[in-house]
Amino acid sequence: MLSSKEVMQLEDFLGMEQSTVKTLNYFANTIQCSQTKQLFQQMAQKNQQHCQTMSKHLNAGQKLQ
């Protein structure tokens, strides 16, 4: 079971991950070099996966309270 403090920390972390995804996608869309563009796209996808994982854990934790 997650405490309210743990839920808040997960929510903060999730917000940071979402911000990172937006930033990485922005850079991917503005960079001309195809290799660098691909790198930013891959990093954005990985961070998006982190967001989805965190959301699952956060939703599960909130249901337990």
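Gln49 is partly exposed, with a relative accessible area of 41%, where partly exposed covers the range between buried, under 20% relative accessible area, and exposed, over 50%, as found with a 1.4 Å probe on protein chains only. This is a predicted model, in which local features need pLDDT of at least 70 and side-chain atom pairs count only at pLDDT 80 or more, while totals for chains, interfaces and linings use all residues. Residues are numbered from 1 along each chain as its sequence is written, and side-chain values use heavy atoms, with hydrogens and water left out.

**Helices**

- The buried residues in α1 include Val7, Leu14, Glu17, Val21, Leu24 and Ala28.
- Gln49 lies in helix α2, and between Gln49 and Ala28 there are 21 residues in sequence and 17 Å in space, taken from C-alpha to C-alpha.

**The nonpolar core**

- Val7, Leu14, Val21, Cys51, Met54 and Leu58 make up the largest nonpolar core, which has 6 residues; such a core is a set of buried Ala, Val, Leu, Ile, Met, Phe, Trp, Tyr and Cys residues joined through side-chain atoms within 4.5 Å.
- Cys51, a residue of helix α2, is buried, with a relative accessible area of 4%.
- Contact means heavy atoms within 4.5 Å, and Cys51 touches Leu14, Glu17, Gln18 and Val21 when residues up to four places away in sequence are not counted.
- Cys51 and Ala28 stand 23 residues apart in sequence, and their C-alpha atoms are 19 Å apart in space.
- Leu58 touches Val7, Leu10, Glu11 and Leu14, again not counting residues up to four places away in sequence.
- Leu10, which lies in helix α1, is in contact with Leu2, Met54 and Leu58 once its neighbours within four places in sequence are left aside.

- Glu17 is buried yet has no salt bridge, and the nearest side chain of opposite charge, Lys46, is 10 Å away.
- A salt bridge needs a side-chain nitrogen of Lys or Arg within 4 Å of a carboxyl oxygen of Asp or Glu; for charge, Lys and Arg count as positive and Asp and Glu as negative, while His and the chain ends are not counted.
- Glu17 touches Asn47, His50 and Cys51, with residues up to four places away in sequence not counted.
- Asn47, found in helix α2, is buried, with a relative accessible area of 14%, and its contacts, leaving aside neighbours within four places in sequence, are Glu17, Thr20, Val21 and Leu24.
- Glu11, in helix α1, is partly exposed, with a relative accessible area of 36%.
- Although Glu11 and Ser55 are 44 residues apart in sequence, they are 8.4 Å apart in space, C-alpha to C-alpha.

**Aromatic rings**

- A search of the whole structure finds 2 aromatic pairs; rings of Phe, Tyr and Trp (its six-membered ring) pair if their centres lie within 6.5 Å, and planes under 30 degrees apart count as stacked, over 60 as edge-to-face and the rest as tilted.
- Phe27 and Phe40 form a tilted aromatic pair, with 5.6 Å from centre to centre and 45° between the planes.
- This pair links distant parts of the chain, with Phe27 in helix α1 and Phe40 in helix α2, 13 residues apart.
- Phe27 is partly exposed, with a relative accessible area of 34%, whereas Phe40 is buried, with a relative accessible area of 17%.
- Ring pairs link Tyr26, Phe27 and Phe40 into a cluster.

Terms used: Helices (H or I, at least four residues) and strands (E, at least two) are DSSP runs, numbered from the N terminus.
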